[in-house]
Amino acid sequence: MRFFALTCLFLGLGLSSHSFAHTRWALDGLVKPRTDANGIKTAPCGAPRTTNRVTELVAGSKVEVKFESVIFHQGVFRISFSPADDKNFVLLADNIKDYADKRFQTYTITLPNQPCDKCTLQLIQTMPDSGNSLYYSCADIKLTSPVVADTTAPAAVTNLSLQADTQVIRLSWQNPAQDYAQTMVVQSTEPLGEYPQAGVEYRLGTSLGNGKVVLLGAQTQYQSPQLAAGSIYYYTVFALDASRNYSKLAQAYGQLAQANRAPTVSLQAEQGGQIKDKFITNGGIVTLQARVQDADPSDTHKLDWAGTDYRLLDITANDAALTFDPSGLKAGTYKVVIKATDSGTPSLSGRIEKDLVIEEPPAAPVTAGSLGLYELLLLSGLLLAGVNLRKAWLRG
């Protein structure tokens, strides 16, 4: 029996020297204890106010606090609030059960709706099974006024204008003077089908309905990257404030001019009124006709034959054609070059290079009518001699 009593005494001494108190605000909780000391029985807090463990909270808000209980008792916990100087405590929560198998507990309280700079949250452990003694732990807090939600949108941007050329679109506008933080520009190929929602953050490049956010900033101008020529683009512009309230829209649209397209050029060659690929020296005048095609009907064209074989002497002053007489040329290939340059912006060209084949006329067939008297007598003699030779060979 004595040994058992000594053992209990030893265990009791061991527990009394442990760093944990009967109860206190948890060191890792939202609100921190004013002191780490254990077993504080001096009301109301047992320690002066601190400056390095003050927790700032919003007046009137709900918060979850955490406390610990190392030694279980049959009593309960209560939480109270002091607006200043650890005085005039008001009960916030009572009859919080002490669990034998729980060292840490959390509890949600509603803070008073009164801002204060030096207010206190007090935790009390009651112990009716131990002479109704009380243990205390206090946390230093500061209550700030709740932020009133801003739901008022700023005014819309004004004087929105749009300029479009063949590659880019430029916008300019004026931002509102008050309650303004940024401007958001949304690009789409049709009227925007969805508007931004208040409080939602939209980032550069993200989608908004059938559009895409292409600008988010405080500037008053925007220039697009290169866009598809001839296409129509819509720009919807919103002003927003720091609470992400979005203004009414301002919208403009424009169509990029069609980019100039290069012409194509082809060549048609004629001799004697017939289209040909090859020409003979005695076949008459050859005409090389340039033919230009252009997808831009308003373009005019300048033709240039530079690079064409100098021996193909043009005998007319028509820029659209080159006409020459092949009778003085030798058989062979002659290079023809034709370039067509349009009047678009920027000016573009089409070019063709082709080898022209010129041949000598074919040799005329030999006929009696084409031989002279001498040639006929010679031919007759040769034929007669041949006949006589054949007869001699047969007799022999």
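These legends walk through several close-up views of a predicted model.

The model is predicted, so local features need pLDDT of at least 70 and side-chain atom pairs count only at pLDDT 80 or more, while totals for chains, interfaces and linings use all residues. Residues are numbered from 1 along each chain as its sequence is written, and side-chain values use heavy atoms, with hydrogens and water left out.

View 1. Strands here are DSSP runs of E with at least two residues, and helices are runs of H or I with at least four, numbered from the N terminus. Two strands pair if DSSP finds at least two bridges between them. Strand β1 (residues 23-25) meets strand β3 (residues 62-69) in the antiparallel sense, over three bridges. Look here for tryptophan 25, which stands opposite phenylalanine 67 in β3. Strand β3 also runs antiparallel to strand β6 (residues 104-110), with seven bridges joining them. In that pairing, lysine 62 stands opposite threonine 110 of β6.

**View 2. A disulfide joins cysteine 45 to cysteine 138.** A disulfide is a pair of cysteine sulfur atoms within 2.5 Å, and a search of the whole structure finds two of them. In this one, the S to S distance is 2.0 Å. The link of cysteine 45 and cysteine 138 is left-handed, with -80° about the S-S bond. Cysteine 45 lies in the loop between β1 and β2 (55-58) and cysteine 138 in strand β8 (residues 133-144), so the bond ties together parts that are 93 residues apart in sequence. Buried means under 20% relative accessible area, exposed over 50%, and partly exposed in between (1.4 Å probe, protein chains only). Cysteine 45 is buried at 3%, and cysteine 138 is buried at 2%.

**View 3. A disulfide links cysteine 116 and cysteine 119.** Their sulfur atoms are 2.0 Å apart. With 85° about the S-S bond, the link of cysteine 116 and cysteine 119 is right-handed. Cysteine 116 counts as buried at 9% relative accessibility, and cysteine 119 does so at 0%. Number the bonded cysteines of the chain in sequence order, and the pairing reads 1-4, 2-3.

**View 4. Trp25, Phe67 and Phe77 form a cluster through ring pairs.** Rings of Phe, Tyr and Trp (its six-membered ring) pair if their centres lie within 6.5 Å; planes under 30 degrees apart count as stacked, over 60 as edge-to-face and the rest as tilted. By this rule the count comes to six aromatic pairs. The rings of tryptophan 25 and phenylalanine 67 have centres 6.5 Å apart and planes at 80°, so they are edge-to-face. Tryptophan 25 in strand β1 and phenylalanine 67 in strand β3 are 42 residues apart, and both are buried. Next, the rings of phenylalanine 67 and phenylalanine 77 are tilted, because their centres are 4.9 Å apart and their planes at 50°. Phenylalanine 77 belongs to strand β4 (residues 76-82), 10 residues from phenylalanine 67, and both phenylalanines are buried.
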